[in-house]
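User: I am new to this structure and would like to go through it step by step. Could you take my questions as they come?

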Amino acid sequence: MRGRFARLDREAFEATPIPDFMTTAATPAPTALTTIDWDYVEFYVGNAQQAAHFYCTAFGFDQIAYAGPETGVAGRVSYLLEQNKLRFLITASLLPDDDIARHVALHGDGVKDIAILVDDAKAAWEQATRAGAQSVRAPKTDHDAHGTIVRASIATYGDTIHTFVQRSDYNGVFAPGFVEARKSYPNAKKTGLQFIDHCVGNVGWGQMDEWGEFYAKVFGFSQLISFDDKDISTEFTALKSKVMSDPLHRVKFPINEPAEGKKKSQIEEFLDFYHGAGVQHIAIRTDDIVATIRALAANGVEFLNTPDSYYEMLPERVGAIDEDIAILRELRILVDRDDLGYMLQIFTKPLQDRPTVFFEIIQRKGSLSFGKGNFKALFVSIEREQEKRGTL
Ligand code: FE2
């Protein structure tokens, strides 16, 4: 019997397949990684109990499971949060100087692990390390009364890792060491967040191509679309970005690097505060962005602002859309169009003390873009925030 997380049934939410013309290369040969999906994202934080409470009450997650000294896990605590197909693991150290404590001391609260569901974790790890990935943890099988789980990890940019998770023979609440610890927050509004659309990494100057190549070689991913710095720049700040995707277009990793501008790029600001490369934002899908943003705002989530002039230019820029522009303007939701349709998106403010990790909320109506046309508007609003911090 397959575990409850064995296969994330996403058909109801899946976008139309990405046409061949949007990828740069022929679809890669099938590999050990072709049947992948997101499994969980693990955050390393200074205080897991409080961070878990924040993500539950602000973003509508439920706490599902817990691991710590009480469950036989020494030196750290982890809370598993769940909402529809989203799973976040919030982990903190109980020690002064282990990997988790050092990660938090250097980077602040941030994303440590983007874990990927695979059919065969050992084969995925072998393929990845053969292709040049650095191993973080060799394949390891863990058992408990609920079955067997196999995990293996490799390094990616900065101190970030990918864990390959094989859970087809596991039907426990999450993994050995975790016990069910359900807690919901009835006063927090339900937000309708569904699953991860993409997860963006910021890397250093001139490193975007190298990391794009990493996802091509190690994961068998193809490049979806590319921006150059002329596309994504304002008067003061610029970046370069490319999007790497698995052949099924479920797992998408945009990679950003700073580009020359008159003032410090927002990517550079991230690299300074994070002390290196790391996850910049996690984009989460909803099928009703207006309802989602109203609920998140009621729960206290703060979003980047967008100038009024953006909405004056909107009808001309994107043409006819189903939504009332007055409501989009009220909520500061952005719209972008490509050949296949349009998408709506908005970005939260940073989710911890440092101006590093944030979320994007995204609804797709046919479009497969990442908001190229919105970058300029977004950057203008990010620069306003940078100006307040004196780092522009
Ligand atoms: Fe994004």
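User: Are His 198 and His 281 buried or exposed?
Analyst: Both His 198 and His 281 are buried. Buried stands for under 20% relative accessible area, exposed for over 50%, and partly exposed for what falls in between, using a 1.4 Å probe and protein chains only. This is a predicted model, in which local features need pLDDT of at least 70 and side-chain atom pairs count only at pLDDT 80 or more, while totals for chains, interfaces and linings use all residues. Residues are numbered from 1 along each chain as its sequence is written, and side-chain values use heavy atoms, with hydrogens and water left out.

User: Which residues are the protein donors of the iron ion?
Analyst: They are His 198 (NE2), His 281 (NE2) and Glu 360 (OE), at 2.0 to 2.2 Å from the iron ion. Donors are N, O and S atoms within 2.8 Å of the metal (3.2 Å for Na, K and Ca); water is not among the atoms, so sites may look incomplete.

User: What spacing do these donors follow along the chain?
Analyst: The spacing is H-x82-H-x78-E. His 198 is in strand 10 (residues 195–202) and His 281 in strand 14 (residues 278–285), so this pair ties together parts that are 83 residues apart in sequence. Helices (H or I, at least four residues) and strands (E, at least two) are DSSP runs, numbered from the N terminus.

User: What about Asp 197, where does that lie?
Analyst: Asp 197 lies in strand 10 and is buried, with a relative accessible area of 1%.

User: Which residues is Asp 197 in contact with, leaving aside its neighbours within four places in sequence?
Analyst: Contact means heavy atoms within 4.5 Å. On that basis, the partners of Asp 197 include Trp 38, Arg 250, Lys 252, Ile 362, Arg 364 and Phe 370. Two of these also meet each other: Arg 364 lies over the face of Phe 370, 5.3 Å from the ring centre. A charge sits over a ring if NZ of Lys or CZ of Arg is within 6 Å of the ring centre and within 35 degrees of the ring normal.

User: Moving to aromatics, how many aromatic pairs does the structure hold?
Analyst: There are 28 aromatic pairs. Rings of Phe, Tyr and Trp (its six-membered ring) pair if their centres lie within 6.5 Å; planes under 30 degrees apart count as stacked, over 60 as edge-to-face and the rest as tilted. Trp 38 and Phe 253 are edge-to-face, because their ring centres are 5.6 Å apart and their planes stand at 90°. Trp 38 belongs to strand 1 (residues 37–44) and Phe 253 to strand 13 (residues 252–259), so the pair ties together parts 215 residues apart in sequence.

User: Why do Trp 38 and Phe 253 count as buried?
Analyst: Trp 38 counts as buried because its relative accessibility is 5%, and Phe 253 because its value is 1%. Both residues are in one aromatic cluster, whose members also include Tyr 157, Phe 164, Trp 211 and Phe 214.

User: Which residues touch the most other members of the largest nonpolar core?
Analyst: Phe 43, Phe 59, Phe 164 and Ile 282 do, in a core of 83 residues. Helix 1 supplies the largest share of this core, with 7 residues. Domain 1 (20–183) and domain 2 (193–389) each contribute at least three residues; the domain bounds come from an automatic or database domain assignment. Another core, of 15 residues, lies apart from it and includes Ala 115 and Phe 178. A nonpolar core is a set of buried Ala, Val, Leu, Ile, Met, Phe, Trp, Tyr and Cys residues joined through side-chain atoms within 4.5 Å.

User: Which residues of helix 6 are buried, and what covers them?
Analyst: In helix 6 (residues 289–298), the buried residues are Ile 289, Val 290, Thr 292, Ile 293, Ala 295 and Leu 296. Their cover includes helix 1 (48–59), helix 8 (325–331), strand 16 (341–347) and strand 17 (358–365). Just after helix 6, Gly 300 takes a positive phi of about 100°.

User: Which loop holds Asn 84?
Analyst: Asn 84 is in the loop between strand 3 (76–83) and strand 4 (86–93). Its phi is positive, about 45°, although Asn 84 is not a glycine. Asn 84 counts as partly exposed because its relative accessibility is 46%.
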